[in-house]
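Dear colleague,

Please find the structure below, together with its sequence.

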Amino acid sequence: MNSLEHTALIEETNGAEPLLSVRSDTRVDTGRWWRRSRLWICVTKNDVVVLAAARRIYIQRFAIADCQGSHYCHTTGQLVIEAGEELRHSRLAMSPVDALDVLNAIDRMNTENSQS
């Protein structure tokens with residue numbers, strides 16, 4: 001994660017460091033001339049953040065509790081985030097191993113938050 005992306009993440013989460021950050025293969029337009037920027041998915045203690053940053057910043061945050069239906073689609077090779085709200089990018093291309101890491105982190109944080 002570059003410094004611009006990290007700064008945007010810290011500002012969005014009010015200083016909370018991510019427990020897991022995974023760079024997806026999905027690219028979005030962030031105002032770069034020659035190519036698009038990759039989307040990151042970051043799991044914090046209470047939230048999941050999807051972001052990309054360059055000249056423009058795309059960032060969307062939603063509660064972990066809303067991600068119960070999230071899953072990995074083996075057919076398309078995408079992590080499907082079902083957050084109960086309209087997401088601009090709810091399908092993120094990534095390897096099965098990375099998707100499993102994200103899903104496990106979401107499940108672990110959801111379990112810890114429900115026990116507290």
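This is a predicted model: local features need pLDDT of at least 70, side-chain atom pairs count only at pLDDT 80 or more; totals for chains, interfaces and linings use all residues.

Residues are numbered from 1 along each chain as its sequence is written, and side-chain values use heavy atoms, with hydrogens and water left out.

Helices

Helices and strands are DSSP runs numbered from the N terminus (helices H or I, at least four residues; strands E, at least two).

The buried residues of α2 are Ala99, Val102, Ala105, Ile106, Met109 and Asn110. They fall within an arc of 130° when α2 is seen down its axis, and therefore line one face of the helix. The arc is that of the directions from the helix axis to the C-beta atoms. Here buried means under 20% relative accessible area, exposed means over 50%, and partly exposed lies in between (1.4 Å probe, protein chains only). Val97 and Gln115 are exposed on the other side of α2. The cover over the buried residues of α2 includes the strands β1 (20-28), β2 (37-43), β3 (47-53), β5 (71-73) and β6 (78-80).

In α1 (3-12), the buried residues are Glu5, Ala8 and Leu9. These cover an arc of only 100° around the axis, which puts them on the same side of α1. Ser3 and Glu11, on the other side of α1, are exposed. The buried residues of α1 pack against β2, β3 and β4 (57-63).

Individual residues

Asn110 belongs to helix α2 and counts as buried at 15% relative accessibility. Leaving out residues up to four places away in sequence, Asn110 touches Ile64, Ala65 and Gln68, where contact means heavy atoms within 4.5 Å.

Val22 lies in strand β1 and is buried, with a relative accessible area of 7%. Val22 and Asp98 are 76 residues apart in sequence, yet their C-alpha atoms are 6.9 Å apart in space. Beyond residues up to four places away in sequence, Val22 touches Leu39, Trp40, Ile41, Met94, Asp98 and Val102.

Cys42 is placed in strand β2 and is buried, with a relative accessible area of 0%. Its contacts, not counting residues up to four places away in sequence, are Met1, Leu9, Pro18, Leu20, Ser21, Asp47, Val48, Val49 and Leu51.

Thr30 is found in the loop between β1 and β2, and it is buried, with a relative accessible area of 0%. Residues up to four places away in sequence aside, Thr30 touches Ser37, Ala52, Ala53, Ala54, Arg55 and Arg56.

Asn46 lies in the loop between β2 and β3 and counts as partly exposed at 45% relative accessibility. Apart from its neighbours within four places in sequence, Asn46 is in contact with Ala63, Ile64 and Asn113. The C-alpha atoms of Asn46 and Glu112 are separated by 9.8 Å, the two residues being 66 residues apart along the chain.

Asn14, in the loop between α1 and β1, is exposed, with a relative accessible area of 69%. Asn14 has a positive phi of about 55° although it is not a glycine.

Largest pocket

A pocket is an open set of points on a 1 Å grid over the protein atoms alone, where a 1.4 Å probe fits and protein lies on both sides within 12 Å along at least five of seven lines; lining residues have an atom within 4 Å of a point. The largest pocket has a volume of about 160 Å³, a volume being the space filled by probe spheres set on the points. Its lining consists of Asn2, Glu5, Arg23, Arg27, Arg32, Arg35, Arg36, Ser37, Arg38, Trp40 and Ala53. The elements that give two or more residues to this lining are β1 and β2, and β2 gives the most, with 3 residues. The lining residues divide into 2 nonpolar, 2 polar and 7 charged. Ala, Val, Leu, Ile, Met, Phe, Trp, Tyr, Cys and Pro count as nonpolar, Asp, Glu, Lys and Arg as charged, and the others, Gly among them, as polar.

With kind regards
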